[in-house]
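The following account considers aromatic contacts and then sheet architecture. Please keep the model in view while reading.

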Amino acid sequence: MIEKKIFKLTAAAMILFALLLSGCGEEAGVVTLPPDFQRPPETLPEKTFIDVYWDATYSMKGYTTLAAGNVYRTLPDLLGDIGSSMGEVKFYRFGENIQPLEGREYRKFSSPEPYSELITAVHNVIEKADTSHLSIIITDLFESDSDWSNVTQKLRDKYFSKHLAVAVIGMKNSFNGEIFDVGLNAAKFNYNSYDYPERFRPFYLIVMGSEVSINEFMDKFRERQTMPNETNYLLLSENLTESTDDFSRLQVHDLENFFSDDRLNISDKRVKEFGLDTFNKDAKFEVDFDYKQPLGACPLDMTALAQNVRVLYLSEQEWLVKDENDLKIELEQIEGAADSYAAEIKLNPEKTFVRGYVNFVQASLSPTAKGYKLPDWVKAWNMANVDVEPQNFDGSKTVNLIHVLGSLKDSVFAAAHPSLLNINFIVDLR
């Protein structure tokens, strides 16, 4: 009898202990955030693997022929040096197909001899590229059959939709050689820039990978530029500021009907937990942020922003979307600070939240398609793809540059929805 009583008491104690644990879990609110927030914030890897793909088509040969103003000749050593400083670098040549280069064979690209390919297939490079590496394509932005829509689609599917980024670095360099497939009649021109910087011809580095690795590469690349050749940058990513403006950086003030809470023990610093004083009174808070563009970012029209709001509630461990809400974000420039803004977030709890559940709000300010623009240098370097007479041909510009880079801009806008400000917060209304 005594043994049975001990067993019954032990079993009862175990059940009570389990109930207490589950109750504590409910109380402490160990909540799994929605899938969007299960991807950890991006950090720079200890070692970056870099793959450099060199366009070995005949049209690139002219960049190697003049000595004056020639940064292209030093580019192989520069990329080898930066790649080694970041981790490990491998080189490839490409035309229609891709071939790995052994040892220091890549240094031959500073001379005219290696440029023998007849077809440029950038899309094949993107297919081969390893998204866990930093991939760099050196090219004049010519694609055989002018099939840049294919290139753009591959970048959208492989990079932009996977939270990865693409940068384009354009450099002007002395040039003496042939330029192919210009205009609707695919004309060929001989072009000599001589030693005149205003006549130098652009070439480009397309850099693909994680944004933190791209930013590190661009910083190192810019630091190592010792010649005054005109250089421009374009960065296409889901972030529009130097550091993502979310609650890992933002400070909250002027709370009304909200209070800071921590009962759910949310460890993700991008998410703020609030409590609500009362359910039947309007609530609001403010955050301040600085609009600091990273190197190469597309300029924004701050009067052409759209807000995106999604409210979810947790029901039986599943996040469900609430159909309607009345949350509003109002943006105002802070007086006397050209790049500083205050954002006021206000809502009606009865119209926005679901009572009796944990609610999760995802709100952001993003540019509209009209407000997300290419940098001015793209237009300045662009030559329309029309038939031109030899005496009117301008080899210092790139045919269809606005079309090529504009299609990339539109792709990142459609796939990654670049955001200026992210306001993600959770409210326990159980």
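A search of the whole structure, which is a predicted model, finds 30 aromatic pairs. One of these joins Phe289 and Tyr341 in a stacked arrangement, with 5.8 Å from centre to centre and 25° between the planes; an angle under 30 degrees is what counts as stacked. Phe289 belongs to strand 13 (residues 283-290) and Tyr341 to strand 17 (residues 340-347), so this pair ties together parts of the chain that are 52 residues apart in sequence. Both Phe289 and Tyr341 are buried.

Ring pairs also build a cluster, which links Trp54, Tyr63, Tyr72, Phe109, Tyr115, Phe175, Phe189, Tyr191, Phe203 and Phe393. Phe175, a member of this cluster, has a charged neighbour as well: Arg201 lies over the face of the Phe175 ring, at 5.7 Å from the ring centre.

Attention now turns to the backbone. Strands of a sheet pair through backbone hydrogen bonds, in either a parallel or an antiparallel sense.

Strand 14 (residues 305-315) and strand 18 (residues 358-367) run antiparallel and are joined by 10 bridges. A residue-level example is Tyr313, whose bridge partner in strand 18 is Asn359.

Notes: Residues numbered from 1 in each chain as written. Predicted model: local features only at pLDDT ≥ 70, side-chain atom pairs only at ≥ 80, totals over all residues. Heavy atoms only, no water. Phe/Tyr/Trp six-rings, centres within 6.5 Å; stacked < 30°, edge-to-face > 60°. Helix = DSSP H or I, 4+ residues; strand = E, 2+ residues; numbered from the N terminus. Buried < 20%, exposed > 50% of the residue type's maximum accessible area, 1.4 Å probe, protein only. Lys NZ or Arg CZ within 6 Å of the ring centre and 35° of its normal. Pairing = 2+ DSSP bridges.
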